[in-house]
Amino acid sequence: MNKILIIDDDKELCALIKQSILVENMEADVCHTGKDGLMKLRENKYQTVLLDVMMPGMDGFETLEQIRAESKVPILMLTSRGDSISKIRGLRAGADDYLSKPFLMDELIARMVSLVRRYTRFNPMEGKLKTLNFDGLSIDLDARCVTTESGTFELPKKEFDLLLFCAENQGKILTKQRIYEEVWGEEYCFDDSNIMAIISRLRKKLEENPGNPKYIQTVKGIGYRFNKEV
(Lines give C-alpha, C1' and ligand atoms only; values in the text may rest on other atoms or scores of the structure.)
Protein backbone atom coordinates (compact mmCIF):
# COMPACT_ATOMS: atom_id res chain seq x y z
CA MET A 1 0.00 0.00 0.00
CA ASN A 2 1.29 3.47 -0.91
CA LYS A 3 1.95 5.75 2.03
CA ILE A 4 1.99 9.52 2.36
CA LEU A 5 3.28 11.83 5.08
CA ILE A 6 1.06 14.75 6.14
CA ILE A 7 2.84 17.67 7.84
CA ASP A 8 0.26 20.21 8.99
CA ASP A 9 -0.64 21.74 12.37
CA ASP A 10 -4.40 21.59 11.59
CA LYS A 11 -5.29 18.38 13.44
CA GLU A 12 -8.87 18.20 12.21
CA LEU A 13 -7.83 18.60 8.58
CA CYS A 14 -5.12 15.97 8.95
CA ALA A 15 -7.62 13.48 10.38
CA LEU A 16 -10.03 14.16 7.51
CA ILE A 17 -7.34 13.70 4.84
CA LYS A 18 -6.05 10.54 6.49
CA GLN A 19 -9.54 9.06 6.42
CA SER A 20 -10.29 10.22 2.87
CA ILE A 21 -7.25 8.64 1.21
CA LEU A 22 -8.13 5.14 2.37
CA VAL A 23 -10.49 4.78 -0.60
CA GLU A 24 -7.45 5.22 -2.90
CA ASN A 25 -5.60 2.34 -1.25
CA MET A 26 -3.24 4.73 0.52
CA GLU A 27 -2.48 5.28 4.17
CA ALA A 28 -0.91 8.21 5.96
CA ASP A 29 1.27 9.21 8.87
CA VAL A 30 0.59 12.61 10.42
CA CYS A 31 2.98 15.14 11.99
CA HIS A 32 2.04 18.58 13.24
CA THR A 33 5.48 20.24 13.09
CA GLY A 34 8.21 20.40 10.50
CA LYS A 35 10.74 18.95 12.92
CA ASP A 36 8.59 15.89 13.64
CA GLY A 37 7.90 15.50 9.92
CA LEU A 38 11.60 15.37 9.10
CA MET A 39 12.20 12.74 11.76
CA LYS A 40 9.33 10.63 10.47
CA LEU A 41 10.57 10.95 6.89
CA ARG A 42 14.00 9.67 7.93
CA GLU A 43 12.45 6.65 9.62
CA ASN A 44 10.03 5.53 6.91
CA LYS A 45 9.53 5.39 3.15
CA TYR A 46 6.79 7.55 1.66
CA GLN A 47 5.54 8.06 -1.88
CA THR A 48 4.36 11.67 -1.32
CA VAL A 49 4.57 14.40 1.32
CA LEU A 50 1.69 16.81 1.94
CA LEU A 51 3.23 19.95 3.47
CA ASP A 52 1.52 23.06 4.84
CA VAL A 53 3.28 26.42 4.47
CA MET A 54 2.02 28.10 7.63
CA MET A 55 3.21 26.17 10.69
CA PRO A 56 4.64 27.33 14.02
CA GLY A 57 8.38 27.01 14.54
CA MET A 58 9.89 25.53 11.39
CA ASP A 59 7.56 26.67 8.60
CA GLY A 60 6.79 24.84 5.38
CA PHE A 61 9.57 26.47 3.37
CA GLU A 62 12.26 25.57 5.91
CA THR A 63 10.88 22.04 6.09
CA LEU A 64 10.83 21.83 2.28
CA GLU A 65 14.49 22.84 2.05
CA GLN A 66 15.47 20.22 4.62
CA ILE A 67 13.52 17.50 2.82
CA ARG A 68 15.02 18.40 -0.54
CA ALA A 69 18.52 18.17 0.95
CA GLU A 70 17.81 14.53 1.78
CA SER A 71 15.07 13.18 -0.50
CA LYS A 72 13.45 13.40 -3.93
CA VAL A 73 10.03 12.34 -2.61
CA PRO A 74 7.20 14.31 -4.29
CA ILE A 75 5.92 17.24 -2.22
CA LEU A 76 2.49 18.85 -2.48
CA MET A 77 2.36 22.17 -0.65
CA LEU A 78 -0.75 23.75 0.84
CA THR A 79 -0.87 27.55 0.59
CA SER A 80 -3.39 30.28 1.35
CA ARG A 81 -5.68 31.24 -1.53
CA GLY A 82 -4.21 34.00 -3.67
CA ASP A 83 -0.75 33.72 -2.11
CA SER A 84 1.10 33.58 -5.43
CA ILE A 85 4.44 34.49 -3.84
CA SER A 86 4.36 31.39 -1.64
CA LYS A 87 3.42 29.21 -4.62
CA ILE A 88 6.32 30.47 -6.71
CA ARG A 89 8.75 30.25 -3.82
CA GLY A 90 7.67 26.69 -3.08
CA LEU A 91 7.96 25.52 -6.69
CA ARG A 92 11.40 27.06 -7.06
CA ALA A 93 12.54 25.44 -3.83
CA GLY A 94 11.59 21.98 -5.04
CA ALA A 95 7.86 21.46 -4.44
CA ASP A 96 6.18 19.38 -7.13
CA ASP A 97 2.70 20.84 -6.84
CA TYR A 98 0.62 23.17 -4.69
CA LEU A 99 -3.00 23.58 -3.67
CA SER A 100 -4.69 26.62 -2.15
CA LYS A 101 -6.80 26.47 1.00
CA PRO A 102 -9.71 26.01 1.19
CA PHE A 103 -9.79 23.18 -1.34
CA LEU A 104 -12.04 20.37 -2.49
CA MET A 105 -11.01 17.07 -0.95
CA ASP A 106 -11.51 15.30 -4.29
CA GLU A 107 -8.98 17.63 -5.93
CA LEU A 108 -6.44 17.06 -3.16
CA ILE A 109 -6.79 13.30 -3.47
CA ALA A 110 -6.48 13.46 -7.27
CA ARG A 111 -3.28 15.50 -7.05
CA MET A 112 -1.75 13.15 -4.50
CA VAL A 113 -2.66 10.08 -6.54
CA SER A 114 -1.01 11.68 -9.58
CA LEU A 115 2.20 12.39 -7.65
CA VAL A 116 2.29 8.89 -6.19
CA ARG A 117 1.76 7.34 -9.64
CA ARG A 118 4.64 9.30 -11.20
CA TYR A 119 6.98 8.67 -8.28
CA THR A 120 6.40 4.92 -8.22
CA ARG A 121 6.85 4.80 -12.00
CA PHE A 122 10.29 6.39 -11.72
CA ASN A 123 11.19 4.49 -8.54
CA PRO A 124 10.03 0.88 -8.93
CA MET A 125 10.26 -1.40 -5.89
CA GLU A 126 12.39 -3.96 -7.68
CA GLY A 127 15.09 -3.60 -10.30
CA LYS A 128 16.35 -0.58 -12.12
CA LEU A 129 14.04 1.30 -14.42
CA LYS A 130 15.14 0.87 -18.04
CA THR A 131 12.51 2.87 -19.91
CA LEU A 132 10.48 5.99 -19.18
CA ASN A 133 7.08 5.80 -20.86
CA PHE A 134 4.83 8.74 -21.61
CA ASP A 135 1.91 9.40 -23.91
CA GLY A 136 3.41 8.84 -27.36
CA LEU A 137 7.03 8.88 -26.16
CA SER A 138 9.37 6.26 -24.69
CA ILE A 139 12.90 6.97 -23.50
CA ASP A 140 15.25 3.98 -23.37
CA LEU A 141 17.92 4.68 -20.75
CA ASP A 142 20.24 1.85 -21.77
CA ALA A 143 20.14 2.32 -25.54
CA ARG A 144 19.92 6.12 -25.15
CA CYS A 145 17.24 6.32 -27.80
CA VAL A 146 13.64 7.45 -28.01
CA THR A 147 10.54 6.02 -29.60
CA THR A 148 7.69 8.14 -30.96
CA GLU A 149 4.90 7.51 -33.45
CA SER A 150 7.52 8.18 -36.14
CA GLY A 151 9.72 5.31 -35.00
CA THR A 152 12.79 4.66 -32.84
CA PHE A 153 15.92 6.77 -33.19
CA GLU A 154 19.01 7.86 -31.28
CA LEU A 155 19.63 11.38 -30.05
CA PRO A 156 22.93 13.26 -29.78
CA LYS A 157 24.35 13.18 -26.26
CA LYS A 158 23.32 16.66 -25.12
CA GLU A 159 19.83 16.31 -26.58
CA PHE A 160 19.30 12.99 -24.83
CA ASP A 161 20.76 14.22 -21.52
CA LEU A 162 18.59 17.33 -21.52
CA LEU A 163 15.45 15.37 -22.41
CA LEU A 164 16.17 12.77 -19.73
CA PHE A 165 16.83 15.38 -17.05
CA CYS A 166 13.53 17.11 -17.79
CA ALA A 167 11.60 13.82 -17.96
CA GLU A 168 13.04 12.58 -14.66
CA ASN A 169 11.81 15.82 -13.08
CA GLN A 170 8.37 15.64 -14.69
CA GLY A 171 6.08 18.42 -13.52
CA LYS A 172 8.85 20.48 -11.90
CA ILE A 173 9.81 23.93 -13.11
CA LEU A 174 13.50 23.79 -14.07
CA THR A 175 15.43 27.04 -14.37
CA LYS A 176 17.81 27.47 -17.28
CA GLN A 177 20.66 27.69 -14.80
CA ARG A 178 19.79 24.35 -13.24
CA ILE A 179 19.42 22.69 -16.64
CA TYR A 180 22.75 24.04 -17.83
CA GLU A 181 24.65 23.04 -14.71
CA GLU A 182 23.13 19.56 -14.73
CA VAL A 183 23.44 18.76 -18.45
CA TRP A 184 26.71 20.55 -19.24
CA GLY A 185 28.29 20.00 -15.81
CA GLU A 186 29.69 23.52 -15.83
CA GLU A 187 29.04 26.79 -14.05
CA TYR A 188 26.15 28.68 -15.61
CA CYS A 189 27.45 31.39 -17.98
CA PHE A 190 24.17 33.31 -18.46
CA ASP A 191 24.09 32.35 -22.14
CA ASP A 192 20.87 30.46 -22.90
CA SER A 193 21.50 29.97 -26.62
CA ASN A 194 22.72 26.37 -26.25
CA ILE A 195 19.71 25.36 -24.18
CA MET A 196 17.25 27.07 -26.50
CA ALA A 197 18.83 25.48 -29.57
CA ILE A 198 18.63 21.97 -28.11
CA ILE A 199 15.05 22.46 -26.93
CA SER A 200 14.14 23.61 -30.44
CA ARG A 201 15.77 20.53 -32.02
CA LEU A 202 14.06 18.19 -29.54
CA ARG A 203 10.68 19.68 -30.28
CA LYS A 204 11.16 19.24 -34.02
CA LYS A 205 12.07 15.57 -33.48
CA LEU A 206 9.53 14.64 -30.80
CA GLU A 207 6.55 16.91 -31.22
CA GLU A 208 3.66 16.59 -33.63
CA ASN A 209 3.28 20.36 -33.37
CA PRO A 210 6.60 21.97 -32.26
CA GLY A 211 4.87 25.35 -31.93
CA ASN A 212 2.58 23.91 -29.27
CA PRO A 213 4.84 21.43 -27.44
CA LYS A 214 3.33 18.46 -25.64
CA TYR A 215 6.41 17.41 -23.67
CA ILE A 216 8.97 20.11 -22.80
CA GLN A 217 6.97 23.27 -22.17
CA THR A 218 8.30 26.80 -21.73
CA VAL A 219 7.73 28.52 -18.37
CA LYS A 220 8.06 32.16 -19.39
CA GLY A 221 10.78 34.06 -17.58
CA ILE A 222 11.97 31.00 -15.64
CA GLY A 223 12.85 27.98 -17.76
CA TYR A 224 11.11 24.76 -18.79
CA ARG A 225 8.91 21.99 -17.42
CA PHE A 226 8.20 18.48 -18.69
CA ASN A 227 4.41 18.25 -18.92
CA LYS A 228 3.07 16.44 -15.85
CA GLU A 229 -0.08 15.40 -17.76
CA VAL A 230 1.71 13.02 -20.14
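The following dialogue examines how terms are applied to one predicted model.

Student: Why is Asp8 called buried?

Tutor: Buried means under 20% relative accessible area, exposed over 50%, and partly exposed in between, with a 1.4 Å probe and protein chains only. Asp8 has a relative accessible area of 2%, so Asp8 is buried.

Student: What makes Lys101 partly exposed?

Tutor: Lys101 has 23% relative accessibility, and therefore counts as partly exposed.

Student: How do you know that Asp8 and Lys101 form a salt bridge?

Tutor: A salt bridge is a side-chain nitrogen of Lys or Arg within 4 Å of a carboxyl oxygen of Asp or Glu. For Asp8 and Lys101 the N to O distance is 3.2 Å, and their side chains meet in a salt bridge. The pair links distant parts of the chain, 93 residues apart: Asp8 is in the loop between β1 (2-7) and α1 (11-20), and Lys101 is in strand β5. Helices (H or I, at least four residues) and strands (E, at least two) are DSSP runs, numbered from the N terminus.

Student: With which residue does Asp52 form a salt bridge?

Tutor: The side chain of Asp52 meets that of Lys101, at 3.4 Å from N to O. Asp52 lies in strand β3 and Lys101 in strand β5, so this pair ties together parts that are 49 residues apart in sequence. Asp52 has 5% relative accessibility and therefore counts as buried.

Student: What makes β3 and β4 paired strands?

Tutor: Two strands pair if DSSP finds at least two bridges between them. Strand β3 (residues 48-52) and β4 have four bridges and pair in the parallel sense. Asp52 stands opposite Leu78 in β4. From β3 the chain passes through helix α3 (residues 60-68) to β4 in a right-handed β-α-β crossover. The term right-handed applies if, with the strands pointing away from the viewer, the path from the first strand over the helix to the second runs clockwise.

Student: How many bridges join β4 to β5?

Tutor: Five bridges join β4 to strand β5 (residues 97-101), and the two run parallel. Met77 has Tyr98 in β5 as its bridge partner.

Student: Why is strand β4 described as largely enclosed?

Tutor: Five of the six residues of β4 (residues 75-80) are buried, so the strand is largely enclosed by the rest of the structure.

Student: What makes a set of residues a nonpolar core?

Tutor: The members are buried Ala, Val, Leu, Ile, Met, Phe, Trp, Tyr and Cys residues joined through side-chain atoms within 4.5 Å. The largest such core has 29 residues, and Ile139, Leu162, Leu163, Ile216 and Phe226 have the most contacts inside it. Helix α6 supplies the largest share of this core, seven residues. Apart from it lies another core of 19 residues, among them Cys14, Leu50, Leu76 and Met112.

Student: Which residues does Phe226 touch?

Tutor: Contact means heavy atoms within 4.5 Å. Not counting residues up to four places away in sequence, Phe226 touches several residues, including Phe134, Leu163, Ala167 and Ile216. Ala167 lies in helix α6 (residues 157-168), and its relative accessible area of 0% means that Ala167 is buried.

Student: How do you know that Arg201 and Glu159 form a salt bridge?

Tutor: Their closest N and O atoms are 2.8 Å apart, and the pair forms a salt bridge. Arg201 lies in helix α8 and Glu159 in helix α6, so the pair ties together parts that are 42 residues apart in sequence. Arg201, at 39% relative accessibility, counts as partly exposed, whereas Glu159, with a relative accessible area of 3%, is buried.

Student: What is the strand order of the open sheet of three strands?

Tutor: The order is β10-β12-β11, with antiparallel pairing. The edge strands are β10 (174-175) and β11 (216-219), since each pairs on one side only. Four bridges join β11 to strand β12 (residues 223-226), and Thr218 has Tyr224 in β12 as its bridge partner.

Technical notes:
Residues numbered from 1 in each chain as written. Predicted model: local features only at pLDDT ≥ 70, side-chain atom pairs only at ≥ 80, totals over all residues. Heavy atoms only, no water.
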